[in-house]
Structures are given as C-alpha cells and as structure tokens.
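Visitor: Hi! Could you walk me through this one?
Guide: Happy to, here it comes.

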Amino acid sequence: MPLDAGSRVHAPFAPALDLPPPFRAVALREVGDAFVHATQIAADAGAGTLVHIGRFDLADFAVVLEPEEPLRTARRALYAGLTALADALAVHAPPEKPISFDWPDAIRIDGGLVGGARLAWPAGADEDAPPLWLVFGAMIRTVAMGERESGLRPLSAALDEEGFDLGSERLIETFTRHFMVAVDAWQQDGFAEVARSYLSRLVPEKNVHRDIDDNGDLLVRRGGKTVAERRPLVPALAKPSWLDPATGGPVL
C-alpha cells in the first residue's frame with residue numbers, strides 16, 4: 001500500500017500540519033468535506049496527499065493511497081486506517097479509556113460514538129487489478145457543540161467530553177505516524193497483524209470468533225461452528241453507519 005508517489009498538485013493553502021514524509025497536506029477552510037475533495041483530486045494529487053479541514057470541533061481528513069494489489073483485497077486499507085486512528089487516539093486517551101469499533105467503520109470511546117471512517121475508489125474499477133487510487137477518510141468529533149444535557153444523547157460523544165486534551169491537528173499528525181506503522185506491517189508481514197489489531201477492538205461476544213476475509217468481508221463463527229456468517233464489506237461501505245447525511249458529521 002505505497003504512499004510515496006510524488007506530488008502532482010499544489011496545495012491551495014499552506015500546510016499547517018507537521019507530517020512525516022511522504023504525506024503532503026492540502027488544507028481547506030472551514031467548509032467542505034475532506035473525503036469528497038480527496039476523491040476529486042486523487043488521480044492528479046497522488047499517494048500521500050492528505051486533505052484536511054480547518055475546524056476546531058471536528059478532525060476531518062482524508063488520505064490518498066495507490067495500492068499495488070487488486071482492488072478486492074486493497075479495500076482492507078479501511079482496517080489499517082481505523083487501526084491507526086484508534087492507536088492515535090489511545091496515545092492521548094485518559095487511562096483505561098476504552099476505544100472500540102462498530103464493524104466496519106464506526107469508532108466509539110467508552111461506548112459513545114465519536115466518528116468513523118470511509119473508503120472510496122474509482123467508479124468501475126476492475127476488482128482484479130490495482131485501482132488507480134483509494135481514499136481513506138475519517139471524521140472524529142473533538143468538541144461537543146450546542147446544548148447537550150446529561151443523558152440526552154447517551155450514544156454519542158466528543159473527545160473533550162471524554163477527557164482528551166487533543167485538537168484536530170495533533171490527532172491527524174499522530175494518525176499519519178501510526179498509519180505508516182500499520183502499512184509497513186502489512187507490507188512486511190502480511191495483513192494478519194492489521195486484522196488482529198482491528199478485531200481486538202470489536203466489542204467481544206461470547207462464543208463468537210471473527211476473522212477478516214481476503215476481500216475485507218467479516219467472517220463470524222458462532223459456538224464453534226465451522227460455517228461462518230459472512231458480512232460483505234462493499235455494501236456496508238456504501239452507507240457509513242456513523243455519518244449523519246443531514247449534518248455531514250457524526251450522528252448525534
């Protein structure tokens with residue numbers, strides 16, 4: 001899942017992030033959608049381009065990838081990105097603060113939804129050939145906005161409410177370093193370690209064993225059964241479980 005492909009476009013605004021190479025920042029103002037913008041420029045911008053929005057209440061960013069493996073298996077980049085994001089949050093988390101996933105794309109802190117991830121690829125891309133690009137995008141609610149009475153929205157959360165002293169820029173910077181570690185592990189040792197890290201953050205169920213298939217589908221075996229229940233990844237990605245279409249942000 002190489003990142004270094006060389007820059008092909010110039011950022012519209014000066015980068016404000018301290019990113020390791022080969023990442024290159026494209027900063028947008030307080031309106032827009034980093035994920036959508038990244039998909040629009042991915043073909044020209046090249047791998048390592050990281051689009052981010054200058055907001056204090058949300059960490060909204062997306063990174064362009066250029067995988068060398070077929071699309072059907074390259075979609076597992078979603079899991080690598082989520083693992084890196086959870087690891088980045090864990091670095092700054094209060095002691096023993098649980099960080100978990102709802103398969104395939106949502107992130108919770110101590111049970112409260114803070115955001116999630118998305119994945120895009122070129123329309124009509126061949127499943128059995130490397131896609132020209134992938135875009136991994138994420139959005140994390142950093143600050144609770146407006147009136148939030150205790151108990152009114154028990155299933156949602158924000159980083160400030162959960163004891164984090166962490167702004168959008170610092171989270172993105174930390175993510176890029178953990179993402180490089182995840183990608184390197186995938187390239188050097190195969191996908192197994194990435195899968196293990198991701199699956200360890202799913203809420204455990206008694207007598208249930210879970211695996212990630214080569215195409216990214218979740219395989220669930222219950223009670224020692226040999227036949228697994230298959231949960232397809234591609235249909236699940238079509239409608240992000242954590243995203244509110246009305247607000248363009250994480251569900252409240």
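This is a predicted model: local features need pLDDT of at least 70, side-chain atom pairs count only at pLDDT 80 or more; totals for chains, interfaces and linings use all residues.

Visitor: Thanks. Back to the helix: which residues of α1 are buried?
Guide: Ala 34, Phe 35, Ala 38, Ile 41, Ala 42 and Ala 45. They sit on the same side of α1, because the arc they cover around the axis is only 150°. That arc is taken from the directions between the helix axis and the C-beta atoms.

Visitor: And what covers them?
Guide: The cover over the buried residues of α1 includes β1, β2, β3, β6 and β7. Contact here means heavy atoms within 4.5 Å. The helix, residues 34-45, lies across those strands and runs at about 155° to β2 (49-53). For such angles, axes are lines fitted to C-alpha atoms, for helices over the stretch in contact, and the values run from 0 to 180 degrees between N-to-C directions.

Visitor: How far does α1 span between its end C-alpha atoms?
Guide: Only 14 Å, whereas a straight helix of 12 residues would span 16 Å at 1.5 Å a residue. The expected span is 1.5 Å times one less than the number of residues.

Visitor: Now the sheet. What order do the strands come in?
Guide: The order is β1-β2-β3-β7-β6-β5-β4, an open sheet of 7 strands with mixed pairing. Two strands pair if DSSP finds at least two bridges between them. β1 and β4 stand at the edges with a single partner strand each, so one side of each has no neighbour in the sheet. From one strand to the next, the twist averages 20°.

Visitor: How do β3 and β7 run, parallel or antiparallel?
Guide: Antiparallel, with 8 bridges joining β3 (residues 58-65) to β7 (residues 134-141). As one example, Asp 60 has Met 139 as its bridge partner in β7.

Visitor: Switching to charges: how many salt bridges are there?
Guide: The count is 17, taking a salt bridge as a side-chain nitrogen of Lys or Arg within 4 Å of a carboxyl oxygen of Asp or Glu. One of them pairs Glu 162 with Lys 97, with the closest N and O atoms 3.0 Å apart. Glu 162 lies in the loop between β7 and α4 (168-189) and Lys 97 in the loop between α3 (77-92) and β4, so the pair ties together parts 65 residues apart in sequence. Glu 162 is buried, at 14% relative accessible area.

Visitor: What about Arg 230? Which side chain does it meet at 2.8 Å?
Guide: That is Asp 213. Arg 230 is partly exposed at 43% relative accessibility, and Asp 213 is partly exposed at 22%. Arg 230 also forms a salt bridge with Asp 217, at 3.0 Å from N to O. This second pair links Asp 217 in the loop between β8 and β9 with Arg 230 in strand β10, 13 residues apart.

Visitor: Is Asp 217 buried or exposed?
Guide: Buried, at 7% relative accessibility. There is also a network: Glu 205, Arg 210, Arg 222, Glu 229 and Arg 231 are joined by salt bridges that share partners.

Visitor: Last topic, the backbone. Where are the cis peptide bonds?
Guide: One runs from Pro 21 to Pro 22, with omega near 15°, and Pro 22 lies in the segment before β1 (24-28). Another joins Trp 103 and Pro 104, with omega about 0°. Pro 104 is in the loop between β4 (99-102) and β5 (106-109).

Visitor: And what is the phi of Asp 110?
Guide: About 50°, a positive value although Asp 110 is not a glycine. Asp 110 sits in the loop between β5 and β6 (112-120) and is partly exposed at 47% relative accessibility. Asn 207 has a positive phi too, near 60°, and is exposed at 56%.

Terms used:
Residues are numbered from 1 along each chain as its sequence is written. Side-chain values use heavy atoms; hydrogens and water are left out. Helices (H or I, at least four residues) and strands (E, at least two) are DSSP runs, numbered from the N terminus. Buried means under 20% relative accessible area, exposed over 50%, partly exposed in between (1.4 Å probe, protein chains only).
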